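Trainee: Could we go through the charged side chains of this model together, one at a time, with the reasoning spelled out?

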Amino acid sequence: FAGKELARMLGKRLEEITTHQMRAKLVDFGALKKTGKELESRLPKNTAGVLISGGSQLEFEFEDGTGLEDGVVDEEDISTGHNMAYLPPGMLAKDVKVGSASGKVKLSPTLTWLGMIEDAVLEFESGRLVRWSSRSSKERLDSLVNDQPENERKVSAVTVGLNPLVRYGYAQDRFVAGSVGLSGLEFTGIVRNGTLRADQTVVVDKGNLVH
């Protein structure tokens, strides 16, 4: 996932991005899988989730579906149809119950197919995005939201980054250890220093994975 257009969006040289992504592939794949499986066990179905970001709070309910990107395609992956792997690896995706998300989330800089969203606040009611704002990327955010039909503007999954070698700003922010992402819109919104709870269990504390 690298090219001149991507480098331009990120304000970096292409060589910087490719070198960083190559180095991030040297992570311990076995340790990633262990961390991901432990995290998965702490996010069971029907558990209440809370994401706190910059004073905002988003509440939702975890669903059953899970996807672990640990860089290895094993027999378990093949049996469930997951026969491809991301490199660099390191992300757990957990489904969110449709219609359960309510509250606000404050996004960190987020890369989208239209370019960077430098800041954004998204507000949800009964699972649907109802209000959004951005100080520095309003036009771009408006274009992304308006490109999606109103009834489809929903949170479908939460992602948690696991890779300690990935850094922010190199096109793979979902994989940074301790990052939290919201999927289901026209982009995956990134929260860098958020706190994620499952019931009363803290799994990410101010951008740091809790083991």
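Trainee: With which residue does Arg-13 form a salt bridge?
Mentor: Bear in mind that this is a predicted model, and that a salt bridge requires a side-chain nitrogen of Lys or Arg within 4 Å of a carboxyl oxygen of Asp or Glu. For Arg-13 the closest N and O atoms of the pair are 3.3 Å apart, and the partner is Glu-15.

Trainee: Which residues are linked with Arg-13 in a network of salt bridges?
Mentor: The pair of Arg-13 and Glu-15 belongs to a network of salt bridges, and the structure holds 10 salt bridges. The residues linked with Arg-13 in that network are Glu-15 and Glu-16.

Trainee: Is Glu-123, which forms a salt bridge with Arg-131, buried or exposed?
Mentor: The closest N and O atoms of Glu-123 and Arg-131 are 3.1 Å apart, and Arg-131 is partly exposed, with a relative accessible area of 41%. Buried means under 20% relative accessible area. Because the relative accessibility of Glu-123 is 18%, this residue counts as buried.

Trainee: How many residues apart are Arg-128 and Glu-150?
Mentor: These two form a salt bridge in which the closest N and O atoms are 3.8 Å apart. The pair links distant parts of the chain, with Arg-128 in strand β8 and Glu-150 in the loop between α5 and β9, and the separation is 22 residues.

Trainee: Which side chain of opposite charge is nearest to Lys-94?
Mentor: Lys-94 lies in strand β3, residues 91-96, and is buried yet has no salt bridge. A salt bridge needs the nitrogen and the carboxyl oxygen within 4 Å, whereas the nearest side chain of opposite charge is 4.9 Å away and belongs to Asp-64.

Trainee: With which side chain does that of Lys-94 make a polar contact?
Mentor: The side chain of Lys-94 also reaches the backbone oxygen of Glu-63, at 3.2 Å. Residues touched by Lys-94 include Phe-62, Glu-63, Asp-64 and Gly-65. The side-chain partner, joined by a polar contact of 3.2 Å, is Thr-66.

Trainee: Which residue in β9 stands opposite Met-91?
Mentor: Strand β3 pairs in the antiparallel sense with β2, residues 56-69, over five bridges, and there Ala-93 is the bridge partner of Gly-67. Five bridges also join β3 to strand β9, residues 157-161, again running antiparallel. In β9, the residue opposite Met-91 is Gly-161.

Key: Residues are numbered from 1 along each chain as its sequence is written. This is a predicted model: local features need pLDDT of at least 70, side-chain atom pairs count only at pLDDT 80 or more; totals for chains, interfaces and linings use all residues. Side-chain values use heavy atoms; hydrogens and water are left out. Helices (H or I, at least four residues) and strands (E, at least two) are DSSP runs, numbered from the N terminus. Buried means under 20% relative accessible area, exposed over 50%, partly exposed in between (1.4 Å probe, protein chains only). Lys and Arg count as positive and Asp and Glu as negative; His and the chain ends are not counted. A polar contact is a pair of N or O atoms within 3.5 Å; within protein, one must be able to donate a hydrogen and the other to accept it, and residues adjacent in sequence count only if both atoms are side-chain atoms. Contact means heavy atoms within 4.5 Å. Two strands pair if DSSP finds at least two bridges between them. Lists of a residue's contacts leave out its neighbours within four places in sequence.
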